Amino acid sequence: STANLQLTSNVDPYFRVNGKLTIDTAITGDRNLVVVGGTGEMVLTRDNTYTGSTEVRQGVLTLNSPIGGGHAIPDGTTLLGGDGNTNALEGVVKLAASSQLSSTSPITVDTDGGLLQVNGADTVIGDLTLLGGQVSVGDGNLAIKNIHASADMTIGGLAGGKITLLNGQHTITVDAGKTLTITAPIVNAGGSVGGIIKTGRGERA
């Protein structure tokens, strides 16, 4: 059998990565996984089941687990990109393959965070809270449950990139005095009939 990496210490383990660190085994346990810096990249390539949050305060975390099983970010856990210490891009989450998260995992992108989809991935994500930072659908499809923007933000992408709507209504909330600009096309997923409800006193462009 293959050994797991267990997050079970009395404190959260901090990862500072220079170069490339690939964790090619399942991560279990009840602690948070925290990436705190370094000039390199940490890559998760398995379906994980730890129950704590995933925090990318600084550095790059790439999600690249196999398609068809579980998810790199365990279902129902929280994903945080950035820690709000600056407005420069510092804490980046890359979706390098499809189905790395589930719609039960809320995501927060802080002022120095990034959520970047690459390699034509096709991903369903949960509630997305935008405090700043950067979000890109890349050249793939990104299905977002609901969006709450409390900063001026743009959700963009590359040629061919789209935001897809699953069945049901999806809420986009923009705080007063803020503007959320979505430059990526918004389309219904195949066979789905979705809609958008705009709330909040801010603007969606």
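This is a predicted model: local features need pLDDT of at least 70, side-chain atom pairs count only at pLDDT 80 or more; totals for chains, interfaces and linings use all residues.
Me: Which strand gives the largest share of the lining of the largest cavity?
Reply: The space in the largest cavity is about 80 Å³. Strand 17 and strand 18 each contribute at least two lining residues. The largest share, 3 residues, comes from strand 18.

Me: In what order do the 4 strands of the open sheet stand?
Reply: Strand 11 is joined to strand 14 (residues 141–144) by 4 parallel bridges. Strand 14 pairs with strand 17 in the parallel sense over 3 bridges, and strand 17 (residues 162–165) is joined to strand 20 by 3 bridges, also parallel. The order is therefore 11-14-17-20.

Me: Why is one side of strand 11 and of strand 20 left without a neighbour in the sheet?
Reply: The sheet is open, with its strands in the order 11-14-17-20. Strand 11 (122–125) and strand 20 (186–188) are at the edges, so each has a single partner strand.

Me: Which residue of strand 20 is the bridge partner of Thr 164?
Reply: Thr 164 belongs to strand 17 and stands opposite Ala 143. Strand 17 and strand 20 run parallel and are joined by 3 bridges. In strand 20, the bridge partner of Thr 164 is Val 187.

Me: Which residues of strand 11 form its covered face?
Reply: Side chains in a regular strand alternate between the two faces of the sheet. In strand 11, Asp 122 and Val 124 make up the uncovered face. Thr 123 stands opposite Leu 142 in strand 14. The covered face of strand 11 consists of Thr 123 and Ile 125.

Me: Is Thr 45 buried or exposed?
Reply: Thr 45 is in the loop between strand 5 (33–44) and strand 6 (54–63). Leaving aside neighbours within four places in sequence, Thr 45 is in contact with Thr 22, Ile 23, Asp 24, Asn 64, Ser 65 and Pro 66. Its relative accessibility is 14%, and the cut-off is under 20%, so Thr 45 counts as buried.

Me: Which side chain makes a polar contact with the side chain of Thr 45?
Reply: A polar atom of the Thr 45 side chain lies 3.3 Å from the backbone oxygen of Ile 23. The side-chain to side-chain polar contact of Thr 45, at 2.7 Å, is with Asp 24.

Me: Is Ala 151 buried or exposed?
Reply: Ala 151 lies in the loop between strand 15 (147–149) and strand 16 (153–156). Beyond neighbours within four places in sequence, its contacts are Leu 130, Leu 131, Gly 132, Lys 178 and Thr 179. With a relative accessible area of 12%, Ala 151 is buried.

Me: What distance separates the C-alpha atoms of Ala 151 and Gly 133?
Reply: Ala 151 and Gly 133 are 18 residues apart along the chain. Ala 151 is in contact with Gly 132, among others. The C-alpha atoms of Ala 151 and Gly 133 are separated by 9.0 Å.

Note on methods
Residues are numbered from 1 along each chain as its sequence is written. Side-chain values use heavy atoms; hydrogens and water are left out. Two strands pair if DSSP finds at least two bridges between them. Buried means under 20% relative accessible area, exposed over 50%, partly exposed in between (1.4 Å probe, protein chains only). A polar contact is a pair of N or O atoms within 3.5 Å; within protein, one must be able to donate a hydrogen and the other to accept it, and residues adjacent in sequence count only if both atoms are side-chain atoms. Contact means heavy atoms within 4.5 Å. On a 1 Å grid over the protein atoms alone, a cavity is a set of points where a 1.4 Å probe fits but cannot get out, and a pocket is an open set with protein on both sides within 12 Å along at least five of seven lines; lining residues have an atom within 4 Å of a point. Grid points are joined across faces, edges and corners, and a volume is the space filled by probe spheres set on the points.
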